[in-house]
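Hi,

Here is the structure I promised to pass on. Have a look at it first, and then read my notes below.

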Amino acid sequence: MNHILIVDLYYVDALTRGGKGRKIFERDDLTAPARLAAEQAECDARLLQVCMDASEADLSTEITIERRDGPSTEAVKDVLPHLFQHQIHHRGQAHVQLQHAGIDPPQLDDFFLR
C-alpha cells in the first residue's frame with residue numbers, strides 16, 4: 001500500500017508541477033494503517049481535483065516527469081491513464097492478499113452505469 005501511495009504522490013506532484021520529483025521516493029514507509037489511509041485519501045483528493053479542474057486543452061499540456069535517467073516530457077492525457085492503471089493493478093493485488101489472509105476485502109468494482 002505504501003508503493004501505491006508513493007507512486008500516486010510522484011505523479012500528482014508532476015501533474016500539479018509541485019517540483020518534488022524523485023525526492024518523493026526519499027521517505028520511510030508508513031506503518032500505521034490509519035496514517036497511510038489518511039495520506040492516501042489526501043492524495044486521492046488532490047488527484048480528483050486535478051481531474052475536475054482539467055480542461056480539454058489541459059489534457060494536451062505536456063509536463064515534465066523526473067525519471068532516474070533524466071527528465072521525461074509527457075502529455076497529461078497520457079499520464080492520467082498510466083496512473084489509474086497503476087492504481088488498479090496494485091489495488092487488485094491488495095484485494096487478493098486480503099482474501100488469502102481470510103479478511104473480507106472492500107468492494108472495489110462499483111458500478112456507475114445505469
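The protein has four helices and two strands (helices are DSSP runs of H or I with at least four residues, strands are runs of E with at least two, and both are numbered from the N terminus). Starting at the N terminus, the order of the elements is α-α-α-β-β-α. Before you read on: this is a predicted model, where local features need pLDDT of at least 70 and side-chain atom pairs count only at pLDDT 80 or more, while totals for chains, interfaces and linings use all residues. Residues are numbered from 1 along each chain as its sequence is written, and side-chain values use heavy atoms, with hydrogens and water left out.

On the overall picture, the C-alpha atoms fill a box of roughly 45 × 45 × 25 Å along the principal axes. Of the 114 residues, 29% count as buried (buried is under 20% relative accessible area, exposed is over 50%, and partly exposed is in between, using a 1.4 Å probe and protein chains only). If you take the contacts between residues at least 6 apart in sequence, 57% of them join residues at least 24 apart (contact means heavy atoms within 4.5 Å).

Now the helix packing. How do α1 and α4 pack? Helix α1 covers residues 2-15, and its axis is 10 Å from that of α4, at an angle of about 170°. The axes here are lines fitted to C-alpha atoms, for helices over the stretch in contact, and the angles run from 0 to 180 degrees between N-to-C directions. That angle makes α1 roughly antiparallel to α4 (roughly antiparallel is over 145 degrees, roughly parallel is under 35, roughly perpendicular is 65 to 115, and the rest is oblique). From α1, the residues that take part include Ile4, Val7, Tyr11 and Leu15, and on the α4 side they include Val79, Leu83, His86 and Arg91. Sorted by class, this contact has eight nonpolar, five polar and two charged residues. For the classes, Ala, Val, Leu, Ile, Met, Phe, Trp, Tyr, Cys and Pro are nonpolar, Asp, Glu, Lys and Arg are charged, and the others, Gly among them, are polar.

Helix α2 comes into this as well. Leu47 sits in α2 and is buried, at 6% relative accessible area. Apart from residues up to four places away in sequence, Leu47 touches Val12, Leu15, Leu80, Leu83, Phe84 and Gln87. Its C-alpha is 9.4 Å from that of Asp13, although Leu47 and Asp13 are 34 residues apart in sequence. Gln40 is another residue of α2. Is Gln40 buried or exposed? Gln40 has 12% relative accessibility, so it counts as buried. Beyond its neighbours within four places in sequence, Gln40 is in contact with Ile4, Leu5, Asp8 and Arg91.

Next, the largest pocket, which has a volume of about 310 Å³. The search used a 1 Å grid over the protein atoms alone: a pocket is an open set of points with protein on both sides within 12 Å along at least five of seven lines, whereas a cavity is a set where a 1.4 Å probe fits but cannot get out, and lining residues have an atom within 4 Å of a point. Grid points are joined across faces, edges and corners, and the volume is the space filled by probe spheres set on the points. Sixteen residues line the pocket, and Met1, Ile4, Arg91, Ala94 and Pro106 lie nearest its centre. Which helix gives the most to the lining? That is α2, with five residues. Both α2 (33-53) and α4 (76-100) supply at least two residues each. The lining divides into 11 nonpolar, three polar and two charged residues. Ala94 belongs to α4 and counts as buried at 14% relative accessibility.

Last, the loop between α1 and α2. Ile24 lies in this loop and is buried, at 8% relative accessibility. Leaving out neighbours within four places in sequence, Ile24 is in contact with Ile6, Leu9, Tyr10 and Asp13. Lys23 is in the loop too, but Lys23 is exposed, with a relative accessible area of 60%. Arg17 is also found there and is exposed at 52%. Arg17 has a positive phi of about 55° although it is not a glycine. Most residues other than glycine have a negative phi.

Cheers
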